[in-house]
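Open the model in your viewer and keep the selection panel at hand. The stops below say what to select and what is there.

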Protein chains: 2
Amino acid sequence: MRTLKYAILGLINRRPSTGYDITKEFKAELGNFWRARHSQIYPELKRLVDEGLIEYETVIAGEALEKKVYSLKDKGREELLEWLNKDEKMVPTAKDKFRLRMYFSSNIEQEHLVELLESQLEQRREKLATLKKKIDGYSEVPQFGSQEFGDYLVLESAILREAAYVEWLERSIKRCSQ
Amino acid sequence: MRTLKYAILGLINRRPSTGYDITKEFKAELGNFWRARHSQIYPELKRLVDEGLIEYETVIAGEALEKKVYSLKDKGREELLEWLNKDEKMVPTAKDKFRLRMYFSSNIEQEHLVELLESQLEQRREKLATLKKKIDGYSEVPQFGSQEFGDYLVLESAILREAAYVEWLERSIKRCSQ
DNA sequence: CACAATCATGTCAATATTTACATGATTTCT
DNA sequence: AGAAATCATGTAAATATTGACATGATTGTG
C-alpha cells in the first residue's frame, strides 16, 4: 500500500519541503483526508532517500538550526505519477468511531444520546463553518492544472462531507425525539 | 483506543456470536464505518475472554464442526456501556486515498483525470443505489430503543455520505471540463 | 530579558492492521 | 458423486500507526 510514501512524494513535488513542513501540511487542509505524525514521517523520508526517490540539502537557518530540505528525484516523480494515474477501486470503509457507536445506540438513554449527537453536531458545524470561510477566499474556481485546482477540489469535498455529516446528525436528533 | 474491542462487545451484546459471525457483520452494513479481518478478530476474542469481558460455549454443528459462541459477561456489558456513553471529540481525519490523490490532480492529464473521476463515480453511484434499496426495506423509521433504530441511523448516515461523495465527483468532473 | 510558543529532527516501544499461511467441515450446485 | 462455495478457526510475519521519550534552536511577547 504505502500510501504515506505517495502522500509525501506528492507534497514534495508541490514544493521542496522539510519533514516539519510535511507534518504541518497534514495538520492543514490535506489533514482532512490523510494524516501522519512526525514520528512516521521522518523514518519514511529516510527510507525514500535510501530508495533513491528523493534527496535533500541541509540548510542552516539562523545561527545553527539545521533543516533538511527534501526534493524529488526523477525516479520519485515517476513513481508518483504512476500512482496518481492508477484507476484504483473505491475503498469500502472510511472508519468512523462515532457512527460505529451509533450502531449500538439502543443501549444509550434517549436524553443522553441526544446530548452526544448535539455535541458532535456542534463540532461538525464549527468545522463546516471554518471550511466554508476558506472556500470564500477563492474569488473563482482555480484554473485546471494549477496546484490550487487540487486544493479547491479537496476543499469542496471536505465541505460536502461535513455538510452531509451535519445533515445526518440533525436528522438523527429529530429521530430520537419522535 | 481499542476500538475493535468495543465493536466486538457491541456486536456480541446484540446477539451471541461466533468469530465468523462477527467477521460477516464487518462485511455488511457496519462495514461502512468499521472493519476488521478474521485474523484480527480471533485474537481479540481470546483477549476479551482473558480479560473476563466475554465467555464462550462450544457448540457442535452437524457431525464435528466446532463453533465458539461468545456472549457478554457483566463486566463486558459494563465496559461497553461506559464507552458508548462517553462524549468523545470528533475524529479529525477519515482517511481517503482517492481524495488524497485528487489533492495532487494537477499532475494528471485532464482526459485521464476525468476518467478516474468517472470510474469512482460509477462505483459510488452503485453503492448508493444498494444502500437506498436497503432503506426502502423499512416501511417506517424503527422505534427508538430498538436495535433496528441503530441500524437505521447508520444506514441513513451511509446514504448521506455516499450522496455527498457522488455530488462531489459530479461537480469535480464539471470543474475539469471547464 | 525571561518565558512561551513554535521550529526542527529524531528514536523507541506499543498497538493496530494487513497479508499470507494453514486446516478441516458443511452445504449447494451440477 | 464430485466440485465449488461457504462455514469455521486459528497463527505468523510484515507493515502501519500512535504515543512517549529526547533534544536543541529560534521567534514573539510581556
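## The two protein chains

Start by colouring chain A and chain B separately: 74 residues of chain A touch 73 residues of chain B. Keep in mind throughout that this is a predicted model. Between chain A and chain B an area of about 7600 Å² is buried, and carbon and sulfur atoms give 60% of it. To see where chain A loses the most area to chain B, select Met90(A), Lys97(A) and Tyr103(A), which together make up 11% of what that side buries.

## An annotated span

Next select residues 95-175 of chain A. An unreviewed UniProt entry annotates this span as "domain: Transcription regulator PadR C-terminal". The span is 78% helix and 0% strand, and its end C-alpha atoms lie 23 Å apart.

## DNA strand C

Show DNA strand C with the protein residues around it.

Zoom in on Tyr20(A), where a polar side-chain atom sits 2.5 Å from a phosphate oxygen of DNA strand C. Then move to Lys67(A): a polar side-chain atom of this residue is 3.0 Å from a phosphate oxygen of DNA strand C. For a contact with a base, select Ser39(B), which has a polar side-chain atom 2.6 Å from a base oxygen of DNA strand C.

Step back to the elements. Those giving two or more residues to the surface near DNA strand C are helix H2 (19-27), H3 and strand S2 (65-72) of chain A, together with H3 of chain B. S2(A) gives the most, with five residues. By class, the residues of the surface near DNA strand C are eight nonpolar, seven polar and eight charged. Among the atoms of DNA strand C within 4 Å of the protein, sugar or phosphate accounts for 65% and bases for the rest.

## DNA strand D

Switch to DNA strand D. There are 23 residues around DNA strand D, and the nearest are Ser39(A), Glu63(A), Tyr20(B), His38(B) and Lys68(B).

At Arg37(A), a polar side-chain atom is 3.3 Å from a phosphate oxygen of DNA strand D. At Ala61(A), a backbone N or O atom lies 3.3 Å from a phosphate oxygen of DNA strand D. At Gly19(B), a polar backbone atom is 3.5 Å from a phosphate oxygen of DNA strand D.

Which elements give two or more residues to the surface near DNA strand D? They are helix H3 (38-50) of chain A, and helix H2 (19-27), helix H3 (38-50) and strand S2 (65-72) of chain B. S2(B) gives the most to this surface, with five residues. The surface near DNA strand D has eight nonpolar, seven polar and eight charged residues. Finally, colour the atoms of DNA strand D within 4 Å of the protein: 66% belong to sugar or phosphate, and the rest to bases.

Definitions and conventions. Residues are numbered from 1 along each chain as its sequence is written. Chains are lettered from A and ligands numbered from 1 in the order in which they are written. This is a predicted model: local features need pLDDT of at least 70, side-chain atom pairs count only at pLDDT 80 or more; totals for chains, interfaces and linings use all residues. Side-chain values use heavy atoms; hydrogens and water are left out. UniProt positions are given in the numbering used here, feature names are shortened, and annotations may be inferred rather than shown by experiment. Helices (H or I, at least four residues) and strands (E, at least two) are DSSP runs, numbered from the N terminus. A residue is near a molecule or strand if one of its heavy atoms lies within 4 Å of it. A polar contact is a pair of N or O atoms within 3.5 Å; within protein, one must be able to donate a hydrogen and the other to accept it, and residues adjacent in sequence count only if both atoms are side-chain atoms. Ala, Val, Leu, Ile, Met, Phe, Trp, Tyr, Cys and Pro count as nonpolar, Asp, Glu, Lys and Arg as charged, and the others, Gly among them, as polar. Contact means heavy atoms within 4.5 Å. Buried area is the accessible area (1.4 Å probe) that two parts lose on being put together, summed over both.
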